[in-house]
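Me: I am new to this one and would like a friendly walk through it. Could you show it to me and then take my questions?

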Amino acid sequence: MNMKGFFLFAMAWLCCLTAHSQTAPATPEQQKMMLEKIMAASDRMESLICNFEQTKELSLLSEIIVSKGKMYYRKNNRLRWEYLSPYKYTFILNDRKILMQTENSRSVVDVKSSQLFQEIVRIMINGVSGSGLTDLKNFTNSYYWSEKTWEVVLEPVKKEMKQMFARIKLTFNIDDFTVDRVEMEERNGDKTNIRLTDKKRNDDIEDTQFHID
């Protein structure tokens with residue numbers, strides 16, 4: 001996986017759109033309530049297991065690429081993002097180490113060895129903790145409200161991110177206040193959508209899921 005691909009993965013986790021719905025800009029009161037409920041739900045979440053489906057629309061191709069896999073998250077910097085079809089690829093974050101593994105290659109990186117890796121890990125963990133929605137150094141946020149759907153649109157602030165992304169759109173489940181979908185629109189017109197399903201919160205996860213030799 002090249003650096004851009006790794007960064008795209010990190011942003012996907014940060015944002016970790018149900019069918020388009022009629023939403024309107026949230027009032028200050030609605031925005032405050034949305035943020036409070038999302039943060040409270042995140043504080044209560046010690047772990048998360050779910051399936052995901054990723055679709056990729058390339059501006060130069062008519063074909064839509066669909067990938068599926070499984071995600072495991074546990075507080076204290078533990079994350080496993082595993083593609084199962086149509087190819088196998090595993091990303092593991094275990095505190096200060098990152099594993100990137102395919103059927104033919106394997107790479108282990110110390111997060112502290114690179115400022116970029118540190119930034120990516122910070123972004124991922126902010127996304128999980130909920131503080132990513134208040135990360136005004138990296139994004140400007142717009143909130144949208146309806147009775148059935150909450151949406152947050154993130155627009156990058158930093159030059160490096162602005163060169164990659166036009167915007168990132170999140171849709172939250174208003175029953176448990178967790179992310180259901182993310183839509184990422186790149187500057188070149190490519191779009192990536194990730195949908196999280198079968199979410200299980202606060203289930204036990206074996207340490208082996210995050211093991212890095």
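Reply: Gladly, and let us begin with a tryptophan: W145 has 19% relative accessibility, so W145 counts as buried. Please keep in mind that this is a predicted model.

Me: How are the rings of W145 and W150 arranged: stacked, tilted or edge-to-face?
Reply: A pair of aromatic rings is described by the distance of the centres and the angle of the planes. For W145 and W150 the centres are 5.5 Å apart and the planes make an angle of 25°. Planes under 30 degrees apart count as stacked. The arrangement of W145 and W150 is therefore stacked.

Me: Is W150 buried or exposed?
Reply: The cut-off for buried is under 20% relative accessible area. W150 has 4% relative accessibility, so W150 counts as buried.

Me: Which residues do ring pairs link into a cluster?
Reply: The count of aromatic pairs comes to 6. Ring pairs join several residues into a cluster, and its members are F52, W81, Y83, Y87 and Y89.

Me: How far apart are the end C-alpha atoms of helix 2, and what span should its residues give?
Reply: Helix 2 covers residues 28-44, which is 17 residues. At 1.5 Å a residue, they should span 24 Å. This agrees with the distance between the end C-alpha atoms, which is 25 Å.

Me: Where around helix 2 do its buried residues lie?
Reply: The buried residues of helix 2 are M34, I38, A41 and S42. They cover an arc of only 100° around the axis, so they lie on the same side of helix 2. On the other side, the exposed residues are P28, E29, K32, D43 and R44.

Me: Which residues does the cis peptide bond join?
Reply: Most peptide bonds are trans. Here, P86 lies in the loop between strand 4 (78-85) and strand 5 (89-94). The cis bond, with omega about 5°, joins S85 and P86.

Me: What is the phi of D95, and where is D95 found?
Reply: Most residues other than glycine have a negative phi. D95 is found in the loop between strand 5 and strand 6 (97-102), and at 37% relative accessibility D95 counts as partly exposed. Its phi is positive, near 60°.

Me: And what is the phi of N202?
Reply: N202 is found in the segment after strand 12 (191-201). With 40% relative accessibility, N202 counts as partly exposed. N202 is a residue other than glycine, and its phi is a positive value near 65°.

Definitions and conventions:
Residues are numbered from 1 along each chain as its sequence is written. This is a predicted model: local features need pLDDT of at least 70, side-chain atom pairs count only at pLDDT 80 or more; totals for chains, interfaces and linings use all residues. Side-chain values use heavy atoms; hydrogens and water are left out. Rings of Phe, Tyr and Trp (its six-membered ring) pair if their centres lie within 6.5 Å; planes under 30 degrees apart count as stacked, over 60 as edge-to-face and the rest as tilted. Buried means under 20% relative accessible area, exposed over 50%, partly exposed in between (1.4 Å probe, protein chains only). Helices (H or I, at least four residues) and strands (E, at least two) are DSSP runs, numbered from the N terminus. The expected span of a helix is 1.5 Å times one less than its number of residues. The arc is that of the directions from the helix axis to the C-beta atoms.
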